[in-house]
Amino acid sequence: MPQSTLAGGLTSEELWGVKLKGLLYRSISFKNFILLFSNGGSKLEKGQAKTSVVIYGLFAVAVIALLIAVYAIVSVPKVVPGTTTTVIYTYTTSPTTPTPTTTQTITPTKIRLSVNTYGMVFAPYILAEEKGWFKEEPLLDVELLYFADWGGTYSSFLVGDADMTDMSLTAAATNIIEGKDIVMFHPTCTYPVRYFALKTSGITSVADMGGKTWGSGAPAWTGTLLFKIVAGKYGITIGDPVIAPVPALYESIKKGEIDAAYLDAVTYAKAWNDPDMVSINLYEEYKKVTGKEYPPAQYMVTRSDFLQKNEEALRAFCRVFEKAVNYLKEHPLEAKAFLQIKMGVDASTAAFYYENYYVWHLGFITQEMKESIMFAWDQLYSVGAFKQPVPDPDSRIVVLK
């Protein structure tokens with residue numbers, strides 16, 4: 001349809017455009033603010049002033065929204081190649097409840113952990129690696145170094161090929177005494193220390209063992225040393241233990257060749273299910289004669305300088321460990337199958353280990369636990385476990401806040 005032409009050669013649509021531009025120009029002029037809040041000006045000017053305020057308001061809202069959007073974009077941390085953006089955490093008492101405090105770009109910390117598949121001690125670490133949970137922590141670059149036995153596991157750490165391992169209470173003390181730089185910072189697990197005897201023997205406590213024969217797998221085993229501590233507190237006289245492989249000790253009890261023996265691992269499970277056997281819990285006996293709980297058996301250990309330089313990474317490591325422990329607890333069928341494969345035992349033995357043998361610990365070493373460790377080290381020294389008291393134990397047992 002043809003457009004109408006008005007005076008001046010403008011079409012009606014062009015004229016409306018000119019009027020609208022003029023209205024907007026007049027509306028956003030600063031003087032309209034004065035007119036709006038003054039008594040001067042015509043009714044038309046007052047209307048233009050109101051329009052001005054609305055337009056300025058909408059403009060201000062748009063500017064603020066734009067600034068918020070820009071801030072949101074620039075505040076997102078940028079990942080620099082070769083580094084990882086992560087959240088640094090601060091703990092109070094447990095690594096299971098982190099509180100984010102600041103964000104920064106860092107390089108993951110390399111942690112080499114020496115492990116073995118003897119028993120369940122390293123099960124949470126191995127599970128975490130296979131599930132990929134270490135890789136989910138931006139602070140961590142974890143490598144597990146596998147060994148066939150405890151000797152290789154400990155040696156790799158002691159010579160510096162590994163940054164961390166899981167070490168027993170007595171092994172840590174022995175190596176500290178020998179001058180090794182070792183610090184303990186997180187308990188990992190406890191396993192039972194029980195002596196087994198025939199029900200017909202009448203033995204129900206270490207107090208019943210005066211003048212009787214007893215056996216263990218090695219002189220330095222916790223079961224051997226705890227037996228000596230408890231017997232000493234009871235004031236009974238015991239001879240030297242019969243040292244032999246644990247399966248042979250079990251058979252010696254059955255044959256009546258010895259009265260009682262410390263049994264562990266697979267043989268423990270066998271004796272536990274033997275209707276002719278009775279067991280003595282040495283942890284209960286220890287508490288009875290000393291008034292104190294015996295501390296956990298195993299601990300995460302590292303070197304003091306590694307802990308000082310990488311404390312946040314080690315906290316992240318503990319978070320993954322505890323995630324794995326909780327997973328094992330919450331998924332018993334999968335956990336038993338996992339243990340059966342990794343430990344190379346049958347299904348019933350794996351189930352027994354899971355249900356009756358190991359107890360895993362959550363949380364860092366507490367002050368109370370630290371005191372129980374130092375007390376236990378003194379007791380162990382008193383029965384010849386160490387050639388001297390553990391030097392400077394306070395600095396070797398770290399209580400992370």
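**Note on pockets, helix packing and a salt bridge**

1. The structure holds 17 salt bridges. This is a predicted model, so every value below is computed from predicted coordinates. One of the bridges joins the side chains of Glu334 and Lys131, at 2.9 Å from N to O. The pair links distant parts of the chain. Glu334 sits in helix H14 (residues 332-343) and Lys131 in helix H4 (residues 123-131), 203 residues apart. In general, side chains of opposite charge can pair when their charged atoms come close.

2. Lys131 also turns up in a helix contact. Which residues of H4 meet H13? They are Ala123, Pro124, Tyr125, Leu127, Ala128 and Lys131. On the H13 side, the partners are Phe317, Val320, Phe321, Ala324, Val325, Tyr327 and Leu328. By class, this contact of H4 with H13 has twelve nonpolar residues, no polar ones and one charged residue.

3. Now the geometry of that pair. Two packed helices are described by the angle between their axes and the distance between the axes. The axes of H4 and helix H13 (residues 311-330) come within 8 Å and cross at roughly 95°. An angle from 65 to 115 degrees counts as roughly perpendicular, and H4 and H13 are therefore roughly perpendicular to each other.

4. Helix H7 packs against helix H16 (residues 367-382) at an angle of about 75°, and the axes are 11 Å apart. H7 and H16 are therefore roughly perpendicular to each other. From H7 come Leu169, Thr170, Ala173 and Ile176. In H16 they meet Ile373, Ala376, Trp377 and Leu380. The class count for the contact of H7 with H16 is seven nonpolar, one polar and no charged residues.

5. Parallel, perpendicular or oblique: how do H9 and H10 lie? Helix H9 (residues 246-255) and helix H10 (residues 265-272) pack at about 25°, with axes 9 Å apart. That makes H9 roughly parallel to H10, because angles under 35 degrees count as roughly parallel. Val246, Pro247, Tyr250 and Glu251 of H9 make the contact with Thr267, Lys270 and Ala271 of H10. By class, the contact of H9 with H10 has four nonpolar, one polar and two charged residues.

6. The largest pocket has a volume of about 670 Å³. It is lined by 28 residues, and the closest to its centre are Ser168, Thr170, Tyr191, Trp221 and Thr222. Thr170 is also one of the H7 residues that meet H16. By class, the lining of the largest pocket has 18 nonpolar, eight polar and two charged residues.

7. Which helices supply at least two residues each to the lining of the largest pocket? They are H6 (150-158), H7 (169-177), H8 (222-234) and H15 (347-357). H8 gives the most to this lining, with four residues.

8. The second largest pocket has a volume of about 290 Å³. Of its 18 lining residues, the closest to the centre are Thr190, Tyr191, Tyr357, Tyr358 and Val359. Tyr191 is also listed among the residues closest to the centre of the largest pocket. H15 and strand S14 (359-360) each supply at least two residues of the lining of the second largest pocket. H15 gives the most, with four residues. By class, this lining has twelve nonpolar, three polar and three charged residues.

Definitions and conventions
Residues numbered from 1 in each chain as written. Predicted model: local features only at pLDDT ≥ 70, side-chain atom pairs only at ≥ 80, totals over all residues. Heavy atoms only, no water. 1 Å grid on protein atoms, 1.4 Å probe; cavity = no way out; pocket = protein on both sides within 12 Å on 5 of 7 lines; lining within 4 Å. Points joined across faces, edges and corners; volume = space filled by probe spheres on them. Nonpolar A, V, L, I, M, F, W, Y, C, P; charged D, E, K, R; others polar. Axes fitted to C-alpha atoms, helices over the stretch in contact; angles between N-to-C directions. Parallel < 35°, antiparallel > 145°, perpendicular 65-115°, else oblique. Contact = heavy atoms within 4.5 Å. Salt bridge = Lys/Arg side-chain N within 4 Å of Asp/Glu carboxyl O.
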